[in-house]
Amino acid sequence: MNGLSALTTIGVSGGVESGGGMWIDGNASLTSLAGLGSLTWYGREFLNVTDNGALPTCEATSLAAFVTSLGWTGTPSIMGNNDAGVCP
């Protein structure tokens, strides 16, 4: 998901698997990744959460920890998000 300036949240429902990489970049109004908690498997490639000015960095690091708990072994790229933002 890239450059969707009006996007505020991302969500999936009911046991979704992601087999490729995930790039969440340049979504100026994005404030939450909590909806990705329905992933049941995350495999391969990359996780990039970059340049989402309203997204608390802790949301991105929480997503990285979550997909790691699903077995992902990569190194996330997390930068350019809101370091001062607060997570629930």
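Trainee: What relative accessibility does Asn52 have?

Mentor: The model is predicted: local features need pLDDT of at least 70, side-chain atom pairs count only at pLDDT 80 or more, and totals for chains, interfaces and linings use all residues. Residues are numbered from 1 along each chain as its sequence is written, and side-chain values use heavy atoms, leaving out hydrogens and water. Buried means under 20% relative accessible area, exposed means over 50%, and partly exposed lies in between, with a 1.4 Å probe and protein chains only. Asn52 counts as buried because its relative accessibility is 0%.

Trainee: Where does Asn52 sit?

Mentor: Helices (H or I, at least four residues) and strands (E, at least two) are DSSP runs, numbered from the N terminus. Contact means heavy atoms within 4.5 Å. Leaving aside residues up to four places away in sequence, Asn52 touches Ile24, Asp25, Gly26, Asn27, Leu30, Gly80, Asn81 and Asn82. Its place is the loop between strand 6 and helix 1.

Trainee: Which residue has its backbone nitrogen 2.9 Å from a polar atom of the side chain of Asn52?

Mentor: Start from the neighbours that Asn52 touches, among them Gly26, Asn27 and Leu30. The backbone nitrogen at 2.9 Å from that side chain belongs to Asn27.

Trainee: What is the phi of Asp51?

Mentor: Asp51 lies in the loop between strand 6 and helix 1. Asp51 is partly exposed because its relative accessible area is 45%. The residue is not glycine, yet its phi is positive, near 55°.

Trainee: In what order do the elements of the protein run?

Mentor: The protein has 1 helix and 7 strands. From the N terminus on, the order is β-β-β-β-β-β-α-β.

Trainee: By what angle are neighbouring strands of the open sheet turned against each other on average?

Mentor: The open sheet has 3 strands in the order 3-6-7, paired in parallel. Strand 3 (22-25) and strand 7 (77-79) are the edges, each pairing on one side only. Axes are lines fitted to C-alpha atoms, for helices over the stretch in contact, and angles run from 0 to 180 degrees between N-to-C directions.

Trainee: Which residue in strand 6 is the bridge partner of Met22?

Mentor: Two strands pair if DSSP finds at least two bridges between them. Strand 3 and strand 6 (residues 47-50) run parallel, joined by 4 bridges. Ile24 has its strand 6 partner in Val49. The partner of Met22 is Leu47.

Trainee: What angle does the direction of helix 1 make with that of strand 6?

Mentor: Helix 1 (residues 57-69) packs on the sheet, touching strand 3, strand 6 and strand 7. Its direction makes an angle with that of strand 6 of about 175°.

Trainee: What handedness does the β-α-β unit of strand 6, helix 1 and strand 7 have?

Mentor: Strand 6 and strand 7 pair in the parallel sense over 3 bridges. A crossover is right-handed if, with the strands pointing away from the viewer, the path from the first strand over the helix to the second runs clockwise. This β-α-β unit is right-handed.

Trainee: Which residue in strand 7 stands opposite Asn48?

Mentor: Asn48 is in strand 6, and it counts as buried because its relative accessibility is 18%. Leu47 and Val49 point one way from the strand, Asn48 and Thr50 the other, and all are buried. Beyond four places in sequence, Asn48 touches Met22, Trp23, Ile24 and Ser77. The residue opposite in strand 7 is Ser77.

Trainee: What is the length of the polar contact between the side chains of Asp25 and Thr50?

Mentor: Asp25 is in strand 3, and it counts as buried because its relative accessibility is 14%. A polar contact is a pair of N or O atoms within 3.5 Å; within protein, one must be able to donate a hydrogen and the other to accept it, and residues adjacent in sequence count only if both atoms are side-chain atoms. The contact joining the side chains of Asp25 and Thr50 is 2.6 Å.

Trainee: What distance separates the C-alpha atoms of Trp41 and Thr68?

Mentor: Trp41 is in strand 5 (residues 39-42). Trp41 is partly exposed because its relative accessible area is 37%. Trp41 and Thr68 are 27 residues apart along the chain, and their C-alpha atoms are separated by 9.8 Å.
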